[in-house]
Amino acid sequence: MLDLPDEINYTLDRLYDSGYEAYLVGGAVRDMLMHKPAHDYDITTSAIPSEVERVFSSHRVVETGIRHGTVTVIVNGTPVEITSFRRESAYSDGRHPDSVTFSKDVRDDLCRRDLTINAVAYSKQKGYVDLFGGISDIENRIIRCVGSPDERFAEDHLRLLRAMRFSSVLGFTIEEQTKQSIHRNKKYIQTVSYERVFSELCKLLCGENAKQILLEYSDVIFLLIPELAVQHGCEREYGDGGYDLYTHTVNCISYTEPLLHLRLAALLHDTVKPSGANAADTVRIRDTVAANVLTRLRCSAALTDTVCRIIRYCDADINGIDKVGVKRFASKAGIKTAKDVIKLKRADILSEDPRYYSRLNDLNTALDVICEAEENGVALNVRDLAVNGGDIISLGVKRGPLVGELLRYALDGVISGEVCNERGPLLEFIAAHIKVK
Ligand code: ATP
Ligand code: MG
């Protein structure tokens, strides 16, 4: 007997006691078979939605997607999703079934699911229902479509990316027929909405097996992000010729922590160097390319901004600079961006020739300097200064850009240790500078 949360036990029991079949299905069963804590529980039942509502009439019930058979019941403050057994008709839009009919047989419901590992049902009374060998695929760590992969991908094109995502996240191998079918049918992916693509891509990027999937399915990735296709076969500028720029990018991703903003920055940090462009132009072009890709994929404005900031500063030269230089860099980029840039640079070096590993020391020192400054509340932003714009104006300076310039001058004085961050000394420091000017 599986150890289930109280509200799930209660929901399953209520349905069963009312004469309906009720199963757990999908991710929760998969997770439990992998001895991992489940994070969301999907219940499927022989009761049609109106019957579910009747069984739970004393509870708050939300008609989440009633046409598709999904009802959410609030049990002890926790929402529990219940979906009626469904049979699906043909798919003519490549994403949704044309119609859905309810069924009394759990087997119909399992047939419509994408992957064998997601198509195992569990009932407290009847145990597992495993029509497609999902349990053995979980044990053997295999991603396999339910039935014919060509047919399943033709019905719903998103499944192609879901197979890749589950392989990346779970570290499972995609079975040969499913794998060939993904390559054969990759063009389908271009018809799926960017929102859905991006949501799968984000999970894929943060998966433990991301490197292998990004390399093995680079053809799919290039259809989604054509800007990366130019890296394919492209020799790296300082590389040893052993692998191309795309492989370098993927290696770099694999050396970053599985945090979405860092992985997206790694993915887009090295879009090809346009011939003849100087360093500043190159950074600007990469920043623009990254912003275009992320905007097209409907990434949020805040995340796009975070990623582009990292890319904008990732060419900054941190090697060999002293503590003051590191603090100046953190002040310019912002502490959070500066730390992320160092993490990306670290990944970049780790994915290079070990000859360059000695550069890691400088990066680790720089990270320590920034963390120490942060912990000690060292001023790295004009907002952290013990004086403000009003104080500068009271020194006789006119409102305008000079005020900001003087605050930045004072900040640099604090960063370089020329003056301490206290009001009196700062005002003197600024006044002396005004006199000289
Ligand atoms: P997780 O929530 O960890 O991403 P999950 O398996 O619960 O994994 P969901 O996207 O929540 O995935 O979907 C729940 C279940 O619904 C899946 O396990 C699968 O059985 C089925 N499913 C979801 N999307 C599809 C699809 N596009 N085609 C077929 N079946 C699907
Ligand atoms: Mg789920």
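Entry 1, terms and conventions. I take contact to mean heavy atoms within 4.5 Å. The model is predicted, and I note that local features need pLDDT of at least 70, that side-chain atom pairs count only at pLDDT 80 or more, and that totals for chains, interfaces and linings use all residues. Residues are numbered from 1 along each chain as its sequence is written, chains are lettered from A and ligands numbered from 1 in the order in which they are written, and side-chain values use heavy atoms, with hydrogens and water left out.

I looked up serine 168 and found it in helix H7 (residues 158–170); helices (H or I, at least four residues) and strands (E, at least two) are DSSP runs, numbered from the N terminus. Not counting residues up to four places away in sequence, serine 168 touches Leu204, Gly207, Glu208, Asn209, Ala210 and Ile213. Its relative accessible area is 0%, so serine 168 is buried. I use buried for under 20% relative accessible area, exposed for over 50% and partly exposed for values in between, with a 1.4 Å probe and protein chains only. Serine 136, which I located in helix H5 (residues 134–139), is partly exposed, with a relative accessible area of 35%. From C-alpha to C-alpha, serine 136 lies 9.3 Å from threonine 116, and the two are 20 residues apart in sequence.

I traced an open sheet of seven strands with mixed pairing, in the order S3-S4-S5-S2-S1-S8-S9. Strand S3 (60–65) and strand S9 (127–129) are at the edges with a single partner strand each, so one side of each has no neighbour in the sheet. From one strand to the next the twist averages 35°. Two strands count as paired if DSSP finds at least two bridges between them.

I then followed strand S1. Strand S1 (residues 22–25) runs antiparallel to strand S2 (residues 42–45), and four bridges join them. Tyrosine 23 has threonine 44 of S2 as its bridge partner, and valine 25 stands opposite aspartate 42 in S2. S1 also pairs with strand S8 (residues 121–123) in the antiparallel sense, over two bridges; there valine 25 stands opposite alanine 121. In a regular strand the side chains alternate between the two faces of the sheet. In S1 both faces are covered, with Ala22 and Leu24 buried on one side and Tyr23 and Val25 buried on the other. Helix H1 (residues 6–17) lies across S1, S2, strand S4 (70–75) and strand S5 (78–84), and runs at about 35° to S5.

A nonpolar core is a set of buried Ala, Val, Leu, Ile, Met, Phe, Trp, Tyr and Cys residues joined through side-chain atoms within 4.5 Å. I found that the largest one has 93 residues, and that those with the most contacts inside it are Ile143, Met164, Ile182, Leu214, Val220, Ile225 and Leu385. Leaving aside neighbours within four places in sequence, leucine 385 is in contact with Ala379, Leu407, Ala410, Leu411, Val414, Asn421 and Leu426. Another core, of 25 residues, lies apart from the largest one and includes Ile8, Ala22, Leu24 and Ile82.

Axes are lines fitted to C-alpha atoms, for helices over the stretch in contact, and angles run from 0 to 180 degrees between N-to-C directions. Helix H17 (residues 323–333) packs with H18 at an angle of about 115°, their axes 6 Å apart. I listed Phe329, Ala330 and Ala333 of H17 and Ile335, Thr337, Ala338 and Val341 of H18 as making the contact. The buried residues of H17 are Gly325, Val326, Lys327, Phe329, Ala330 and Ala333, and what covers them includes H16, H18, helix H19 (359–375) and helix H21 (401–415). Glycine 334 follows H17 and has a positive phi, near 95°.

Last, I looked up helix H16 (residues 301–313) and helix H18 (residues 335–350), whose axes come within 9 Å and cross at roughly 65°. Thr306, Arg309, Ile310 and Tyr313 of H16 meet Lys336, Thr337, Asp340, Val341 and Leu344 of H18.
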